[in-house]
Amino acid sequence: MKSSQAPGIRLITSFSRDSWYRGFILFLTFLFYTAYHLSRKPISIVKSELHRNCSTVIHPADLNITDNATWCDWAPFDQDNYQTLFGVVDNSFLVAYAIGMFFSGIFGERLPLRYYLSFGMLMSGLFTVLFGLGFYWNIHSLGYYAFIQVMNGLMQTTGWPAVVACVGNWFGKGKRGLIMGVWNSHTSVGNILGSLIAGVYVSSAWGMSFIVPGLIIASTGILCFFFLVEKPEDVNCTPPQHHNDSETETETEPLLQNSSHVVNGAIATEPPEDVEEHPEAISFCGALSIPGVVEFSLCLLFAKLVSYTFLYWLPLYISNVAHFDARQAGDMSTLFDVGGIVGGITAGLVSDYTGGRATTCCAMLLLAAPMLFLYNYIGQRSIGTTIGMLLVCGGLVNGPYALITTAVSADLGTHESLRGNSRALSTVTAIIDGTGSIGAALGPLLAGLISPTGWNNVFYMLISADVLACLFLSRLVYKEAHTWCGRVPRVRG
């Protein structure tokens with residue numbers, strides 16, 4: 001007589017081999033992109049250390065001070081135009097990222113994702129470390145930091161198209177909004193960890209605020225090389241079904257589907273062979289012709305403009321307005337990303353339930369505009385108000401951004417017009433995120449130029465961007481609303 005299995009063993013065996021692989025890939029790619037964002041965040045934390053109010057800082061007794069106003073600043077950011085110089089450093093990264101993203105997807109479709117991701121993370125780690133070494137090497141050249149940011153921006157473009165393509169290879173369309181809403185919290189988790197790690201060292205040796213994240217992303221690159229599985233077919237798992245003749249069947253696909261199928265009465269794990277009708281990679285123009293790609297790309301341009309302005313300037317804004325020190329401002333800014341986690345998951349759930357990706361994005365963007373206005377005017381009145389407004393604004397700003405860059409990109413990259421072509425996902429993702437990255441470059445640049453005239457004007461710019469993002473989705477929202485109305489049976493009186 002067999003003894004009963006331990007509860008833990010029963011739990012393990014209740015999942016199929018396919019389910020374990022899918023969960024493992026979801027965890028790995030989550031870890032990889034967390035590291036990407038973790039390594040981007042330090043610059044926003046270190047800014048308030050590179051240029052401080054030196055009159056409030058106690059100087060060492062043995063230091064001969066000639067200029068009491070800037071003695072504690074790090075040249076060249078000790079000048080009156082320091083905000084413009086910060087904008088140059090930010091945009092060196094972001095412009096390179098935006099340009100490189102359009103080419104990254106093309107490379108991602110043609111190169112093994114495991115090698116591509118590993119190379120990108122190792123090189124990104126190298127350039128992040130080099131930025132931090134500027135502290136120990138006593139480098140005060142703007143050109144050095146700008147060059148490092150350009151190279152890091154190009155290396156960081158390897159991440160997003162590759163991880164989305166990998167997840168898209170493993171998961172079908174059913175429940176994709178929920179899966180990718182949870183998975184996309186890596187962006188906010190990376191920002192939070194990056195802020196906390198950078199905050200530990202920022203006041204003592206800001207170079208370590210870059211070196212530690214650089215070593216972390218390089219380590220995940222090594223992990224990627226040894227463990228990433230690009231496609232289910234590579235380990236004899238069943239590929240997901242991106243399209244089905246029955247919509248109901250597609251929408252009820254399990255979160256981690258069981259791939260076992262019966263052959264001659266026995267359970268087999270060998271996947272059925274799929275015949276690809278279009279094995280060639282899709283062209284750039286071909287990807288643009290997919291319905292919805294242009295609209296969502298332009299919407300993301302303005303949505304990402306808002307999100308990245310907060311990413312790069314929120315700690316400095318909190319420091320200037322609420323008068324927190326660099327570490328406190330960095331810690332407080334993580335609340336925006338905590339709200340972003342909830343917002344991304346909520347957007348995925350709502351869009352799965354309603355089937356309206358564009359409507360979900362538009363509704364959250366419309367709500368974000370007045371919340372940004374309120375945060376600027378009442379957000380710093382008390383700690384409680386600051387915490388609440390940061391959480392709400394983070395959810396409403398990052399929710400649409402998360403949905404478009406994940407579930408929407410995967411939907412369009414596996415659009416039914418591409419049936420049979422599994423190599424379009426990386427290119428479509430790169431186009432959408434590349435267009436969004438133009439906004440990501442413009443936002444911090446405009447913030448650097450506008451902030452000397454007052455923070456109110458920066459927030460007016462962000463609110464305008466939210467409204468424009470909604471306008472680009474108006475046609476798709478109308479189409480989704482028309483579809484819903486068509487499903488409602490008419491009542492005859």
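Colleague: Which helix gives the most to the lining of the largest cavity?
Modeller: α13 does, with 5 residues; a helix here is a DSSP run of H or I of at least four residues, numbered from the N terminus. The model is predicted, local features need pLDDT of at least 70 and side-chain atom pairs pLDDT 80 or more, while totals for chains, interfaces and linings use all residues. Residues are numbered from 1 along each chain as its sequence is written, and side-chain values use heavy atoms, without hydrogens and water.

Colleague: What makes a residue part of the lining of a cavity?
Modeller: A cavity is a set of points on a 1 Å grid where a 1.4 Å probe fits but cannot get out, and a lining residue has an atom within 4 Å of a point. The largest cavity has 14 such residues, with Asn191, Ser307, Leu311, Phe336 and Asp337 nearest its centre. Two or more come from each of α9 (186–201), α13 (293–322), α14 (326–354) and α16 (383–413).

Colleague: How much space lies in the largest cavity?
Modeller: About 100 Å³, taken as the space filled by probe spheres set on the points. The structure holds 6 cavities of 30 Å³ or more.

Colleague: Why are α3 and α4 called roughly antiparallel?
Modeller: Helix α3 (residues 42–50) and helix α4 (residues 82–110) pack at about 160°, axes 12 Å apart. Angles over 145 degrees count as roughly antiparallel, so the label applies to α3 and α4.

Colleague: Which residues make the contact?
Modeller: With heavy atoms within 4.5 Å as the criterion, Ile43, Lys47 and Leu50 of α3 meet Phe86, Val89 and Asp90 of α4. By class, 4 are nonpolar, none polar and 2 charged, where Asp, Glu, Lys and Arg count as charged, Ala, Val, Leu, Ile, Met, Phe, Trp, Tyr, Cys and Pro as nonpolar and the others as polar.

Methods. Axes fitted to C-alpha atoms, helices over the stretch in contact; angles between N-to-C directions. Parallel < 35°, antiparallel > 145°, perpendicular 65-115°, else oblique. 1 Å grid on protein atoms, 1.4 Å probe; cavity = no way out; pocket = protein on both sides within 12 Å on 5 of 7 lines; lining within 4 Å.
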